[in-house]
Amino acid sequence: MLQTFPKDFLWGSASAAYQVEGAWDEDGKSLSIWDVYVQEPGRTFKGTTGQTAVDHYHRYKEDVKLMADQGLKAYRFSVAWTRILPEGRGAVNEAGIQFYENLIDELLSYGIEPVVTLYHWDLPQCLQDEYGGWESRQVIDDFAAYTKVLFERFGDKVKYWVSLNEQNVFMSLGYQLAAHPPGVTDSQRMYRANHIANLANATVIKQFHDMGMKGQIGPSFAYSPSYSFDALPENVLASENAEDLNAHFWLDVYLLGRYPRAILTYLEKQGVDLDIREGDMKLLASAKPDFLGINYYQSNTIKFNPIDGVGQGKMNTTGEKGSGEEGGLPGMFKRVANPHVERTNWDWEIDPTGLRIALRRLTSRYDVPILITENGLGEYDKKTEDNLIHDDYRIDFLQKHVDEIEAAISEGVRVLGYCTWSYTDLLSWLNGYQKRYGFVYVDREEEEGGPLTRYKKDSYFWYKDLIAKHS
């Protein structure tokens, strides 16, 4: 018999500042690395930017009212560092912090729990210019000072904080694949910057606890469990390599305070030096999160990859199904298509059972409460002439994932909540606006402008009924 969801389960949804707010240069906000990066030709689908996004900055009351009418219990959003400290440090921009105070108060007035992400990829450009951003240890102090401002201002209102969002993604895509800012391909720089980000994350979590904050804090990680393609031992070993390098390399640091030995050995053989200094590992071990945020979209199926095998491959950012390529790390593993699951138009594998597997694996290894901070389906949604959006495919996707969460809870996994990605449609980073995720359709296309009118999709009403059923 399934153990049902607890009454205090956080039925939520999510967004990120750059993807929804717009108002990129208003009220004292400075440029982030994404404001600058998207101006470079060829970086994003059709050159799309977040300058207007879906104008949540000016329409947040309308959006929160839609959440309230739906019965949402939690809303996860990120704060733009550039609105709070336009120079990256120093004087607080009151107009910027007031926007988030207003948003938090609006959410609380409807009984919606704010889940605040401290960093969702939009580093101040001035810090990137000054010292290379995440490549300098100066960022640790600056990040700690920025987050302290938020803890002091909102500590009595916010119970759930996410420290870093998808460190594994912004590091690997920024420093290995040159697909995110700063747009370089250099493994040495990536691994050193990543170690610094680990130290920044630990510093902020320790600061949160040292300040006696009443809430909970943890990082959010993009987790895609690795499967061996079959029982061929070399493929099983390759899947172990993938799990260690793509997951344990971050999660073990967050939750155990150490790097996996096999990966440290591998990196040493590759000539990569993390620049671990005296006191670093003590700090990492001292800052255990209160929960682990997990962003789950798909699983990975793995085969052996010979030393002369495939490299990183090509991501599908156009929505042309089948345009993605196999990718991997020569001598370690390669990701291949799973013949047992369907795929989205962006070649993401649809695997609800993979979420249950993920929750079970993480619980067995770390035994920490889990908050599902993202899970959703990006697809082409079409609005009918009478302004309806029939997204049965999204309802099917989400319902099957919810069923697997319920099964995992029945098996002993501690799940705090479920935040879908995303609440409204938004800018999907490299993929533009055609890849829609939301419960709420926003009337805009790739070009800037459009009426930005909000329309409830069929999935909006499905989620409303689901929340009511479990409340």
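**View 1. A look into the largest cavity of this predicted model.** About 80 Å³ of space lies in this cavity. Here a cavity is a set of points, on a 1 Å grid over the protein atoms alone, where a 1.4 Å probe fits but cannot get out. Its volume is the space filled by probe spheres set on the points, with grid points joined across faces, edges and corners. Searching the whole structure turns up 7 cavities of 30 Å³ or more. Local features need pLDDT of at least 70 and side-chain atom pairs count only at pLDDT 80 or more, while totals for chains, interfaces and linings use all residues. Residues are numbered from 1 along each chain as its sequence is written, and side-chain values use heavy atoms, with hydrogens and water left out.

**View 2. Who lines the largest cavity?** The lining (residues with an atom within 4 Å of a point) includes Ile33, Trp34, Tyr119, Trp121 and His180. Helix H2 (33-37) and helix H8 (167-175) are the elements that give two or more residues to it; helices are DSSP runs (H or I) of at least four residues, numbered from the N terminus. By type, the lining has 10 nonpolar residues, 2 polar and no charged. Nonpolar covers Ala, Val, Leu, Ile, Met, Phe, Trp, Tyr, Cys and Pro, charged covers Asp, Glu, Lys and Arg, and the others, Gly among them, are polar.

**View 3. The second largest cavity.** This one holds about 70 Å³ of space. Of its 13 lining residues, Ala17, Tyr18, Gly22, Lys29 and Arg83 are the closest to its centre. Helix H1 (17-20) and helix H4 (81-84) each supply at least two residues of the lining.

**View 4. Trp134 in the largest nonpolar core.** A nonpolar core is a set of buried Ala, Val, Leu, Ile, Met, Phe, Trp, Tyr and Cys residues joined through side-chain atoms within 4.5 Å. Out of 129 residues in this core, Trp134 and Trp161 touch the most other members. Helix H9 (residues 187-210) gives the most to the core, with 11 residues. Setting aside neighbours within four places in sequence, Trp134 is in contact (heavy atoms within 4.5 Å) with residues including Tyr119, Leu164, Phe170 and Ala200.

View 5. Buried means under 20% relative accessible area, exposed over 50%, and partly exposed in between (1.4 Å probe, protein chains only). The whole structure has 0 disulfides (pairs of cysteine sulfur atoms within 2.5 Å).

Methods:
On a 1 Å grid over the protein atoms alone, a cavity is a set of points where a 1.4 Å probe fits but cannot get out, and a pocket is an open set with protein on both sides within 12 Å along at least five of seven lines; lining residues have an atom within 4 Å of a point.
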